[in-house]
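Please read them with the coordinates open.

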Amino acid sequence: MRRLSLALFLAAAPSALAAAQSETLAFVGGRLLPVSGAPLDDGVLVVRDGKILAVGARSDISVPAGARVFDVSGKQLMPGLVDTHSHVGGGWGADSSAPIQPDVRMLDAINCRDSGLQRAQAGGITTLNIMSGSGHLMSGQTLYVKNRDANTVEALCYRFADGEPMGGMKMANGTNSQRPPPFPETRGKSAALVREAFVAALEYRRKVQAAGDDATKLPPRDLGHEALLELVDGKRIVHHHTHRHDDIATVLRLSKEFGFRVVLHHVSEAYKVADLIVAANAPCSLIVIDTPGGKLEASEFDARSAAELERLGAPQLVGFHTDDWITDSRVFLRSAALAVRAGVSRETALAGLTLNAARMLDLGERVGSLEVGKDADFIVLSGDPLSVYTRVEQTWVDGAKVFDLSDPKDRRWADGGWGAGMPRMLATCCLGDEEDPK
Amino acid sequence: MKLISTCVAVLAFAAQALAQDLAVRAELVHTVSGEPLRNGVVIVRAGKIAAVGAQSNTPIPAGLRVLEAKVVTPGLVDAHSVVGLAGYLNQAQDQDQLDPSAPIQPELRAIDAYNARERLIVWLREHGVTTVHTGHAPGALISGQTMVVKTRGETVEEAVIVPFAMLAATLGADSRASGDKSPGTAGKQAAMLREALIGAREYQRKLAAAGDDAAKRPERDLRKEALVALLERRVPLLVTAQRHQDIASALRLAKEFELRIVLDGAAEAYEMLEPIKAAGFPVILHPPLARFAGELENASRATPVALRDAGILFAFQSGYEEYVPKTRVVLFEAAIAAAHGLGPQGALKAVTLDAARILGLEQRLGSLDVGKDGDLALFDGDPFEYASHCIGAVIEGVVVSEAVR
């Protein structure tokens with residue numbers, strides 16, 4: 001659903017939206033894939049105030065009186081997809097001045113009107129971890145985004161318990177972050193620079209603690225050190241680009257030394273060191289690409305990493321991501337399906353798109369499965385989520401429909417076409433204009 | 001599913017079977033030229049298809065190796081790629097698809113730049129691709145020649161079936177030079193191409209005028225020789241043009257010089273259906289999974305259906321990728337189109353028979369008909385389903401892959 005209609009009545013919009021969400025909605029007759037439990041044929045999903053009110057078999061759930069009922073027989077419903085690694089939003093974090101820039105925030109860089117967010121809705125993605133690229137050892141703070149129709153980045157982002165915008169920290173090792181000075185040109189130097197940064201942050205903390213209540217003794221405030229300490233304290237999770245088996249081992253070594261929580265990202269060679277990964281209990285946000293290579297560290301990529309983690313008894317460590325623009329948000333389901341082709345179970349594949357992924361962002365209590373009390377983020381599919389022939393027909397976020405394939409304007413985000421690559425127009429540009437902009 | 005090799009014959013008869021003889025039994029045989037056959041068999045003798053029919057009335061000659069699959073299709077034909085010139089490592093030493101020293105270099109032959117042992121070729125073969133139209137890449141006004149290979153052999157000589165298939169040209173932003181170099185604009189691109197073709201026409205005229213008199217012949221010019229092949233319509237110009245105005249420029253150029261062209265990429269072809277149809281040129285469409293950005297920002301997954309409905313001959317390609325993935329796979333690309341309205345039959349045709357037609361090889365490739373090359377792809381289910389596998393590939397009766405992909 002476009003935001004145009006929403007902005008049409010600027011003053012009235014918030015109350016109209018609230019009204020829509022306080023309505024009780026019941027989706028009846030479809031096959032439910034809750035992820036947290038077994039699939040249910042002929043299920044009922046009841047939604048109110050943006051949350052899941054009830055979910056279960058039709059025989060067990062009574063549709064509340066006055067509820068708006070949607071017949072979804074023949075369809076399959078599953079939790080909105082969680083993309084643990086995306087570059088939509090057109091934002092860049094760190095610049096080329098230094099290899100470690102923990103102070104830089106994706107919050108300050110995202111264009112909330114970027115068409116990539118719409119394409120993600122069309123692909124069924126309701127939660128994203130949006131981050132900067134991998135050309136730095138540390139390229140800044142990522143942003144966890146709820147993919148609702150919003151006009152500011154503040155309205156898009158998840159928040160920590162303290163109210164601050166929620167996100168992790170993007171790090172990288174391997175070849176992408178090796179560049180001419182001041183960047184490292186070797187793997188040894190890369191690790192040394194990261195260790196120095198953490199040591200400096202810990203020294204900063206020691207000085208702050210030593211100053212106690214005496215403000216005159218405080219060191220100058222350092223945003224970078226503050227962000228690094230959030231890693232040490234476990235508030236922020238490190239999202240670490242890493243491909244080669246030895247680079248993966250290096251990440252786990254540094255994580256252990258400084259106590260930061262880490263999700264391994266891409267992990268092209270996870271299948272080679274799956275035992276190490278399982279022993280460290282390190283979640284893997286896996287990329288699935290069509291062909292190995294394209295760069296040295298992806299030359300040994302194999303889609304069987306998910307199956308290998310599962311074989312070692314750690315299916316909960318399996319997640320997927322689009323890395324959009326490396327793969328396309330509109331076909332995110334395909335990443336999990338290709339992992340099934342390479343041997344992983346359907347159950348693990350679907351969890352890797354949803355609940356496992358949500359947990360990689362500390363959002364597992366809120367999204368990622370169809371459970372009572374969780375956010376009403378779900379998608380309506382024309383069939384089996386792991387079939388190429390299945391289309392995402394609707395995407396719902398917080399109980400509001402944000403994408404509908406049957407709406408020609410939305411369909412353009414799904415299929416492309418004239419103007420589909422342009423950022424979403426200013427809401428006031430096309431009042432009442434039902435035609436596609438040309 | 002494993003590729004099962006059944007030794008039907010007793011040893012005494014085995015000697016009668018040739019190296020390029022085999023049979024494939026499948027629950028579903030997609031002939032492409034006709035309706036799919038249930039419980040069918042394909043028999044290949046001396047590298048050519050000798051029989052296609054129902055298992056019940058198509059006896060398998062004694063001594064033949066018999067392969068089993070759920071589904072068999074013609075070997076897939078990738079209508080445009082750069083594999084073999086471009087390698088999977090993506091390092092300077094394995095990237096020979098684009099020489100940046102000049103904007104127009106039609107004398108660059110694909111056969112001089114092809115690494116038959118490149119891993120990307122193995123990868124395509126393991127996904128059922130048995131024929132690839134490959135060569136110099138999009139990205140220069142005329143980047144060089146293309147060729148057609150089978151995905152076999154350790155040398156280009158063993159692989160190649162058409163050494164000079166097309167000349168590769170690119171219009172639009174992707175072949176514009178930076179700084180003060182030419183071509184810097186669309187107008188300059190057209191002017192440079194016209195000048196080059198006029199120069200080649202003059203060369204052609206002088207050659208004709210000289211006849212058998214060697215003394216009167218102009219100095220041999222490899223660049224103009226290649227362009228003369230274009231003017232004589234011996235090869236088409238493969239014009240990569242994504243934007244509608246660049247497609248229009250390609251059609252204008254073709255008309256002026258009476259060229260055969262093949263439109264490539266053609267992201268905005270859906271805006272140009274009538275003129276493309278009127279000109280009668282085929283389209284090798286961008287991969288449906290290509291990034292819809294830059295020159296492809298207006299690309300649409302509805303384009304294959306639009307081309308089909310307009311009656312325009314089209315095929316899919318793995319295309320040219322600068323980064324990850326280093327090549328796409330036409331099996332995957334056709335699958336996306338199949339799911340966006342084209343349907344499995346239409347999608348299969350666009351990576352077999354229609355691709356062969358665009359390459360001028362439809363007498364030899366692209367369908368399971370008696371007399372055509374024994375090129376087959378074997379699958380353990382619907383070839384386009386995500387969770388299916390390609391379980392084998394056969395080129396001219398020789399099993400070239402038994403990998404499960």
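1. Ground rules. This is a predicted model: local features need pLDDT of at least 70, side-chain atom pairs count only at pLDDT 80 or more, and totals for chains, interfaces and linings use all residues. Residues are numbered from 1 along each chain as its sequence is written, chains are lettered from A and ligands numbered from 1 in the order in which they are written, and side-chain values use heavy atoms, with hydrogens and water left out.

2. Extent of the interface. Chain B puts 45 residues in contact with 35 residues of chain A (contact: heavy atoms within 4.5 Å). The two chains bury about 3,600 Å² between them, 55% of it on carbon and sulfur atoms. Buried area here is the accessible area (1.4 Å probe) that two parts lose on being put together, summed over both. On the chain B side, Y323(B), V324(B) and Y386(B) lose the most area to chain A, together 20% of what that side buries.

3. Two salt bridges cross the interface (a side-chain nitrogen of Lys or Arg within 4 Å of a carboxyl oxygen of Asp or Glu). One of the links is E300(A) with R119(B), with the closest N and O atoms 3.9 Å apart.

4. The six-stranded sheet. In chain A, six strands form an open, mixed sheet in the order β8-β10-β11-β12-β13-β14. Strands are DSSP runs (E, at least two residues), and two of them pair if DSSP finds at least two bridges between them. The edges are β8 (138–141) and β14 (318–320) of chain A. Strand β13 (284–286) of chain A runs parallel to β14(A), joined by three bridges. S285(A) has G319(A) as its bridge partner in β14(A).

5. The three-stranded sheet. Chain A also has an open, mixed sheet in the order β6-β7-β9. β6 (81–86) and β9 (143–146) of chain A each have a single partner strand, so one side of each lacks a neighbour in the sheet. β7 (125–130) of chain A pairs with β9(A) in the antiparallel sense over four bridges. T127(A) has K146(A) as its bridge partner in β9(A).
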